[in-house]
Structure formats: C-alpha cells, structure tokens
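Okay, thanks for coming, everyone.

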Amino acid sequence: MEKTGISSMGKAGADGTEKMAKNNVKEYARGRAGNEWGCKSWGCLKKGRWIACVIAAVASIGAAACSAKPVGQAGNICSDVHNATPVKQTGSMDVARMQQSVGMDATRMQQSVGMDVARMQQTGSMDAAKSSQEVLKRMFKVKGKLYIETGETNSMLRCGMMDGQITSSVAADRVPKKNGQSNFGKGYGYQYGTRENRLEVCIDGTWHIFAYNENNFDGVSMRVVKNSASAATLEIVNTTDLQVEYGEAFLLEKQNKKTGEWHAIWMKEGYGFDDIAYLAKNDSPITCKVTWGSSHGKQKPGTYRIIKEFRDFRGEKGSTVYTLSAQFKIRRR
C-alpha cells in the first residue's frame, strides 16, 4: 500500500473522519493493544463503545497532519502515528533546541570570557601602575645629592654620634626635593659610610646603606671578563656621546658568606695609585687590568667586587661622578 502524506491525511480527516475511523479502528486496536485508552478488541463496536475509538482515531489523524514527515501505511495509521512520528518529531525538535541552547551558551561563554579577559587586562594594568609606585626605593636628599637605598646593610660597631638627621618626609611614591627630606619618614639619624658617596641610616635597629649615583650610569658599564686570586681584567663599554673618564684607583671588597654584607679589603700601608685619567671611548669596548697581589695580597676563594669611579666630563660645565661595581669569584685551584 502507498504511504499517505500530510496533505492526503488532512483531506481524509476533513471529508470522512467517521468512515476512516471505522475502517481503521481494528488496526488501531491492534497497534495500541494493551493501552489504557485504546480499544481492547473489536467487540467495542458491538458493545456501543466504538465512539471512544472514533475520538482516538480523529486525534491520531490530527497528530499525523501536524508531522512534517510521511507516516506509515494507511492500514496502520494509529500504530505509525502514535509510535513513530511523534518520537522522531520530538527528537528533532529537542536536537534543534539543544543546538540553539548550546549556541546561546557558547555565545554567552565567549562574551563572559571576553569580559573576564578585559577585566584581567584592566586589573593587570592597574596592578602594574601600582607596582611601579610600590617599587620606588627608599631615598633621601643631603646637600643636593639624592641617596638611594642599595639593599645592603652594615652590622659593624660604630659610635653613637650622628652626622645628620632627616627632618621632613614625602609620600613613599614621591622623590624628595629638599635637603634633609626622605620618602620613608622623618627623625632618622644617619652617618657617613665606609666609602665616598655613601650614607647609612638606622631604621628599626638596622643600619641600611644608601648611595649616590651608584650603578646608575646609563649607557656605561663595567664587568670582569677574567680574573685570578691577585688580578682581574675589566671590560668597560661606553654607548653614550659623553666624554667618560676613569682613573687607576679602585676598591676591592669581599662578601661575607653568612651575612651577605660587603667588607672592604684595605690596601697595605705605603701603596697608592697614580693620578692618571683614561678616556672610555664610545666606539669600542676597552679592557684594562687591575692587580692587587702586592697592594692587597693574594685573596682566598670567595665572592668579590671591584669598585671604580667614572666622570662624564663636560668641560666648563663640570662633571658628575658615578660609581660602578663588578662582581667576580675566586675559586679553589
């Protein structure tokens, strides 16, 4: 038998519903056998209960007419319509709804992720701005020089006489402009350090070392390229257009392995340096050798550093003094 489409089923339901129901109610009863609202047997018609079957058949025809797909054979309308078509139709609609829901959820997720990323980027920028303020080192100004904390401390015994005092303060993210002013508070006393352009401030019972123009000569660097227990070869690089000068003098310091503090290795009595100025040209690196075997003695294994002064000579405008240091290790042989 031919399959019945939506249009022919609709016409049958309009022109001969009762006749179609009577012709197919037996098949309907077979297809819905055991169902509580279906016909139990053909005897329904003889007992006058065929009207319920007619109503059920009409409902089945209406359901089939709403389906977009052809149903089963005409002789088994009830079975095909009630058992197959609604399941397929509902499944298709559920899949469509699921796809739509997933698409909406994905869109919401992308929007949410985008907003979260934007918040993270904004928060990161704000945190970076705050961080740039927070990392501003402690500093104070004395006689026109700005002394910046080096991160080093000094636990050596000293006298109780102070060489000066910090009398005013600005916010921690500000640079002091006046002499005797700091960005970490006032009332602190300070003393001159163990070498030039260094001051030491007692904060909470610890002496912190502050330095002026130390390791901040932009464009000029110094490093140890080779060393022994009694000498070292330095490489000096000048990438500026300034006339940079340096001399023979140097300081030698050793780091205490336990405390991390640096202590000077003093030159023996009767030794000194010639007062000669050398030019650090800006066209190529310069190497120079420093020796301390005779003046300081041969050194034992450990961590050391060499300190030298440099000047950016500007003729009649004068010059600014900078201090550079370079670390190296003396190893056991």
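When I say contact, I mean heavy atoms within 4.5 Å. This is a predicted model, so local features need pLDDT of at least 70, side-chain atom pairs count only at pLDDT 80 or more, and totals for chains, interfaces and linings use all residues. Residues are numbered from 1 along each chain as its sequence is written, and side-chain values use heavy atoms, with hydrogens and water left out.

Let's begin with W292. Setting aside neighbours within four places in sequence, W292 touches S228, A229, S230, A231, A232, F250, L252, G297, Q299, I306 and F328.

W292 also belongs to the largest nonpolar core, which has 26 residues. By core I mean a set of buried Ala, Val, Leu, Ile, Met, Phe, Trp, Tyr and Cys residues joined through side-chain atoms within 4.5 Å; buried is under 20% relative accessible area, exposed over 50%, and partly exposed in between, with a 1.4 Å probe and protein chains only. L252, W292, I306, F310 and F328 have the most contacts inside this core. Several strands supply at least two residues each, among them strand 9 (220-227), strand 10 (231-238) and strand 17 (321-330); strands are DSSP E runs of at least two residues, numbered from the N terminus. Strand 17 gives the largest share, five residues. There's a second, separate core of eleven residues, including F140, I166, L199 and F210.

How many disulfides does a search of the whole structure find? Zero, taking a disulfide as a pair of cysteine sulfur atoms within 2.5 Å. As for cysteines, C288 is buried at 17% relative accessible area, while C202 is partly exposed at 26%.

A pocket here is an open set of points on a 1 Å grid over the protein atoms alone, where a 1.4 Å probe fits, with protein on both sides within 12 Å along at least five of seven lines; lining residues have an atom within 4 Å of a point. The largest pocket holds about 460 Å³, the volume being the space filled by probe spheres set on the points. Its lining has 20 residues, with G247, A249, F250, K308 and E309 nearest the centre. Strand 16 gives the most to that lining, five residues.

The second largest pocket is about 300 Å³. Of its 18 lining residues, E248, F250, F273, K289 and V290 are closest to the centre. Strand 15 (residues 286-291) contributes the most there, four residues.
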